[in-house]
2 protein chains.
Amino acid sequence: MDAHAPADMSVVIGPSPADMLRDQTARARLAARALAIAPEAVRNQALNAAAAALRADQDAILAANARDLDAYTGSGAFRDRLMLNPVRIEAMAAGLEAITRLPDPLGRIEREWDRPNGLRLRRVAVPVGVIGMIYESRPNVGADAAGLCIKSGNAVILRGGSESVHSARAIQSAIAEGLATAGLPQDCVQNAPTADRAFVGAMLQAAGEIDLIIPRGGKSLVERVLREARVPVLAHAEGLCHTYIHASADPAMARRVLADAKMRRTGICGATETLLIDAEIAPALLPVLVEDLRALGCDFVADARSRAIVPDLAPASDADFATEWLDAKLSIAVVDGVDAALVHIARFGSLHTEAIVAEDAQAAETFINGCGSAVVMWNASTQFCDGGEFGFGAEIGIATGKLHARGPVGLEQLTTYRYEVRGTGQVRG
Amino acid sequence: MDAHAPADMSVVIGPSPADMLRDQTARARLAARALAIAPEAVRNQALNAAAAALRADQDAILAANARDLDAYTGSGAFRDRLMLNPVRIEAMAAGLEAITRLPDPLGRIEREWDRPNGLRLRRVAVPVGVIGMIYESRPNVGADAAGLCIKSGNAVILRGGSESVHSARAIQSAIAEGLATAGLPQDCVQNAPTADRAFVGAMLQAAGEIDLIIPRGGKSLVERVLREARVPVLAHAEGLCHTYIHASADPAMARRVLADAKMRRTGICGATETLLIDAEIAPALLPVLVEDLRALGCDFVADARSRAIVPDLAPASDADFATEWLDAKLSIAVVDGVDAALVHIARFGSLHTEAIVAEDAQAAETFINGCGSAVVMWNASTQFCDGGEFGFGAEIGIATGKLHARGPVGLEQLTTYRYEVRGTGQVRG
């Protein structure tokens, strides 16, 4: 596509977004077949060469980014997320190199067994195929996603925010250079050819052409994807995480863990949004917890039982308990034991990450087993829900669905499997 | 629901199908929480008691089945599938008992690792939650599905064909008796409360209420489910399986394997629909293969290269190569080696099961690695794609999607996992 084409493609006579996507996915499918059988060394070579190209193209990438910034009318945090600089470009390059050092997720024999009739069965990790990545503003997300897809043998179609279209194109061009250096098809990583929002709609409908959609962005983007997609999606619409302080909790640990879970970073999906605290320990501990968090700049809404203990807390409605604050704000409820905490979480939670702080191991096991969430922490901060912290090396997202992948989505979760059956002429008869 | 209610509920003033489903799924969710933490012995007790109840209720089940048969206007194979008799009831009961002998799919620690900060992580198998099973005519499918769901800790809503509504109700009643005997909620296994087809539509839309839909039935049912569902689906719309005979094949093995793959049972999804044969070996072998299969009653359509060798074969169109015959009929094409076979399969296949017959191990590995299907056989019949033959003990279906489960869907595939993180007060900092 011509870099000088108008941003609004709807006035241009030409192929529809669905036609353009069909062309891209056909090329992606062919590229994916080549990538899937490429040895790990070749995939790593592509990543290293792409990293080198990002560094070599620094000026071109910054110029492209300047065009995006010039056209951008927003400000503040959004503008900062769109902005690239030499440090951020170096971080993208180093990120690709770091992915080369992760173990190969492909070809791993997940299981191997024999049948009495002599058939030998294997379950082997293979790529998913063609992935559609839909993300907002931060251009580096495209480079990270491309790196994880290349390593895991998947072709990817990147659809970044329309405000970052020139930056995304410059980054994709460097990655294409890396793929070519390794003798891999450049179609392994393609950018959306148009900023037309209808292209996203076409991606969501492309069952059989795209195997998996991964959205990264705000709640409204993810909810649209989950609502409209006819293609499987790995995503989290929200992380309404709870920290539950059991009556047996060590008070010092509870203070330390809650402060981190709520305030380390308030804008990430693993941040705690609601404190549940046992009635038995609340009169002594809740005032201290509130004081700790207030000193860190936190705001509160609380149920009547909490306000009976700390009267100056604002009242919390059911809607508050259903809100992911993503901010220095905490909902608080006093509960009567593990079962009551689980009932609250079942009602308001998002199946992302919950934590219990408890010295009583029996209570902790009951909590862990009764909680339907993807990740359950015992005596640790909910903010540990992260691919890096899990030891996955890198993550492309977090999944709160129940099928295929839950929690951090790393290289392994970007693979599926095939059964290989080796016989000597067996028939079922 | 009153057993004497009219089959067409649309004229009755009352709750809508979506309302009825919401009531059922809310009860299923509560029941699933109890079932998920029930020890294996209790789940097995429910299955054994349900088997006993099926036997004890034999007369009532046969009477209910007679009502369905009386009202049924179809004939032949469809009527036979709807029919129950003492042998079939005993088979259902024995099937539930067999499930008790399968290993517990829950609580298995799939992986366990430590992090440098002392966090201990585990990935543990847990139930999916609430499953919606949509199936046609054969009433025993409901009993099998209920058994697998109980063992794997999932609640299930069974929606059988409208023609089997009385049979389904009698079977569900026996299973409910088994659940009650074991002290488990009867809501673990519920029947659709109405034969209204809109109830199926409500199930397909019930994202967040139903966690997984499994359809079992004809292609049009499965395609409707795949097209309309807003809930994850495990299914195969078709099994367009290929057997590829490489130039290095042992001719005797090729004859034995192909005859089984095509003709053992022609109506199952793992039956071979297309023969691909290398040009090098075709002149000598194809006439023999055709003669073998013709003696078993098989019909053929074939490409021009095949017809140059066996002139009396009917010509095959592209549409024929895209057709799952489910019958004593075989499409044939002559190809030039592994890559050409893979190109044909990529164009016409359904990602279900393919087989290569070859003595050349290098050719077989190339085929296995280049084939995107869920199951790839080397020197074995495609009809081995089956949960029992894989050693899974029982299957609820076959999945041809790429995510979560591929191939036979047994107990393990009815589970997902959660991450459990055990700390000693770690904060991310």
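How many aromatic pairs does the structure hold over all chains? There are 16 of them, counted over all chains, where rings of Phe, Tyr and Trp (its six-membered ring) pair if their centres lie within 6.5 Å. Before I go on, please note that this is a predicted model, in which local features need pLDDT of at least 70 and side-chain atom pairs count only at pLDDT 80 or more, while totals for chains, interfaces and linings use all residues. Residues are numbered from 1 along each chain as its sequence is written, chains are lettered from A and ligands numbered from 1 in the order in which they are written, and side-chain values use heavy atoms, with hydrogens and water left out.

One of the aromatic pairs is that of Tyr419(A) and Phe390(B), whose ring centres are 5.1 Å apart and whose planes stand at 85 degrees, so the pair is edge-to-face (planes under 30 degrees apart count as stacked, over 60 as edge-to-face and the rest as tilted). Because Tyr419(A) lies in strand 16 of chain A and Phe390(B) in the loop between strand 13 and strand 14 of chain B, this pair joins two chains; strands here are DSSP runs of E with at least two residues, numbered from the N terminus.

Turning to the two chains, chain B can be laid on chain A with an RMSD of 0.0 Å by a turn of 180 degrees and a shift of 0.0 Å along the axis (superposed by least squares on C-alpha atoms of residues with pLDDT of at least 70 in both). That is the relation of a two-fold axis, and in chain B the C-alpha nearest the axis, 1.9 Å from it, belongs to His404(B). The same surface serves both copies, since 100% of the contact residues of chain B recur in chain A, contact meaning heavy atoms within 4.5 Å.

Technical notes
Helices (H or I, at least four residues) and strands (E, at least two) are DSSP runs, numbered from the N terminus.
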